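I open this notebook to record what I looked up in one model. The entries follow the order in which I took the topics.

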Amino acid sequence: MARFKCIGAIYCAPFYLLHDRRGRRRSHDWNFYGAHPVGSKVNLCVEFMIRTIEWTDAGVVMLDQKRLPAEEIYHTYDDYEGVAEAIRSMIIRGAPAIGVAAAMGLALGVKNAADKSPSIEELDREFETMCSVMAATRPTAVNLFWAIDRMKAVYARVRPHGIEAIRNALIDEAAAAYREDIEANRAMGRAGQALIPDGARVLTHCNAGALATAGYGTALGVIRAAVEAGKKISVFADETRPWLQGARLTAWELAHDGIPVTVITDNMAGHFMKKGEIDCVIVGADRIAANGDVANKIGTYSVAVLAKENGIPFYVAAPVSTLDLSIPDGSHIPIEERNPDEVRMIQGVAITPQGIPAANPAFDVTPARYVGAIITERGVVHALYEESLRTITQMEKL
Ligand code: MRU
């Protein structure tokens, strides 16, 4: 059974612990649970940064995305099962963030296992189990499997040097995955912001921001970069039923950065497009097939079709770790089915008559023909995606 250890972490000076940047008092679970804060990392510079996930001596610290925006609560996980459960239950979510969390979870698992001085064969077996547990969390985001494969490759490479070497190498690799994700998002922002005109009103779906990554974001990273380039940008955020990532998380993030945002319900997107109030659409991705078909949060496909109908460019921002060139097209992407209660209820309140069936596919696939460009950290690519995606994967890292 996954052990869910819930203790808080300190990131900043005492005032930041107790107040948000507008001086409002925060809620912290280390108060709520009566546990003591750990990992006293005082760093005033991070006050305005969104801290999605972090490796600390006490464990993997995550901002609880189920509780935002009402409460900013951090959990510290001190075993890999806890990290896997956090991914499964969407305390952390978004394809790149899931990948980084998986890498940190595996590093944590190996660190704990190595502390018990096992034989190398015992560690091999335990690591296999850890990888299987992690792989069973969420099926659609390919970043999860990318991270697991990356950690497996490092394990295999350093295994001849013994357990201590494996432990250190996996911790370093998780740190590298974290760092590289932020760097990739920054590069994606620089590459993609040229597509966003000054004064643009940009529609986005779900949350593809700092919260969905190690930091800065993919789709929201491009928007942030456009703002940093001096452009006046405003955002329409689809609320994104059933989980409300747009209403809760995108709105929270953009407000945090002072970027104007208007939340709309998912069924309003066509109305605003037809009225000429949306200039472009930019979304993230959970998996992109070799032909450029894009799996992303349920509802993305409808937005893409509406955008085409209204002559509005539709862009996808995603790191190379989200490409899955092993599958020819989107029909091969596994679509996660989640608990129908997520549809039948909003924040714990039933909205359907009792016993009514509900469907809950978490993602849909947008055919490549709707995608105007895919923005990656290695540049912006266009159709024919079979060629352009293969070319960028063969490029050197930036
Ligand atoms: O179910 P979620 O919240 O994990 O879904 C997230 C999305 O669909 C994002 O758009 C995608 O992962 C890209 S995040 C940079």
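Entry 1, sheet. I began with strand E8 (residues 287-289), which is joined to E11 by 2 bridges, the two strands running parallel. I note that the model is predicted. For Ala 289 I looked up the bridge partner in E11 and found Asp 324. I then placed this pair in its sheet, which is open, has 4 strands in the order E11-E8-E9-E14 and shows mixed pairing. Strand E11 (323-324) and strand E14 (363-366) stand at the edges with a single partner strand each, so one side of each has no neighbour in the sheet.

I counted 18 residues around the ligand, and the closest are Arg 93, Ala 95, Ala 212, Gly 284 and Lys 297. I sorted this shell by class into 9 nonpolar, 6 polar and 3 charged residues. Strand E9 (294-297) and helix H4 (95-115) each supply at least two residues of the shell.

I next asked how H4 lies against helix H6 (residues 142-158). Their axes come within 7 Å and cross at roughly 30 degrees. Angles under 35 degrees count as roughly parallel, and I therefore record H4 and H6 as roughly parallel to each other. The crossing of H4 past H6 is right-handed. In the contact, H4 contributes residues including Ala 95, Ile 98, Val 100 and Leu 106, while H6 contributes Leu 144, Trp 146, Ile 148 and Met 151, among others. I divided the residues of this contact into 12 nonpolar, 2 polar and 1 charged.

Note on methods:
Residues are numbered from 1 along each chain as its sequence is written. This is a predicted model: local features need pLDDT of at least 70, side-chain atom pairs count only at pLDDT 80 or more; totals for chains, interfaces and linings use all residues. A residue is near a molecule or strand if its C-beta atom, placed from the backbone, lies within 6 Å of it. Ala, Val, Leu, Ile, Met, Phe, Trp, Tyr, Cys and Pro count as nonpolar, Asp, Glu, Lys and Arg as charged, and the others, Gly among them, as polar. Axes are lines fitted to C-alpha atoms, for helices over the stretch in contact, and angles run from 0 to 180 degrees between N-to-C directions. Angles under 35 degrees count as roughly parallel, over 145 as roughly antiparallel, 65 to 115 as roughly perpendicular and the rest as oblique. A crossing is left-handed if the near helix is turned anticlockwise from the far one by less than a right angle, and right-handed if clockwise. Two residues are in contact if their C-beta atoms, placed from the backbone, lie within 7 Å. Two strands pair if DSSP finds at least two bridges between them.
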